[in-house]
Amino acid sequence: MRTAALSRFCPTICTQSEERIVGSLRNELVGIENPKEDQPYVARALQGTTTVSSPRKSTALLPAPDGELKAGQPTMFAIAPVRNDEGEVIAALGMRIRPE
């Protein structure tokens, strides 16, 4: 895959409940509440189903087309269950996708 294609994706969240982010490449997101808009998608992943969220405006600061970090940028997530050796879902892993 080309770098340009890879730059559209950013592994961003790991969560053990619908409410809190427990791991992220961005330290400022760890420990905060998942946005309400994402909680239904995270809940589905925690039930064992991979899902993709609808596009929405970001609540976190993301790079705008001018390179500045701003809230309200288009974003969406692919969220999948993380399973232990016994096949039980123990977390959800999300990857941010720029919808454009």
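Analyst: Let us begin with Arg56, which lies in strand β4 (residues 56–57), where strands (E, at least two residues) and helices (H or I, at least four) are DSSP runs numbered from the N terminus. This is a predicted model, in which local features need pLDDT of at least 70 and side-chain atom pairs count only at pLDDT 80 or more, while totals for chains, interfaces and linings use all residues. Residues are numbered from 1 along each chain as its sequence is written, and side-chain values use heavy atoms, with hydrogens and water left out.

User: Is Arg56 buried or exposed?

Analyst: Buried means under 20% relative accessible area, exposed over 50%, and partly exposed in between (1.4 Å probe, protein chains only). Arg56 counts as buried because its relative accessibility is 15%.

User: Which residues does Arg56 touch?

Analyst: With contact taken as heavy atoms within 4.5 Å, and residues up to four places away in sequence not counted, Arg56 touches Pro35, Glu37, Asp38, Gln73, Pro74, Thr75 and Phe77. The side chains of Arg56 and Asp38 are also joined by a polar contact of 2.6 Å, a term for a pair of N or O atoms within 3.5 Å, where within protein one must be able to donate a hydrogen and the other to accept it, and residues adjacent in sequence count only if both atoms are side-chain atoms.

User: In what sense do β7 and β8 pair?

Analyst: Two strands pair if DSSP finds at least two bridges between them; β7 (residues 74–83) and β8 (residues 89–97) do so in the antiparallel sense, over eight bridges.
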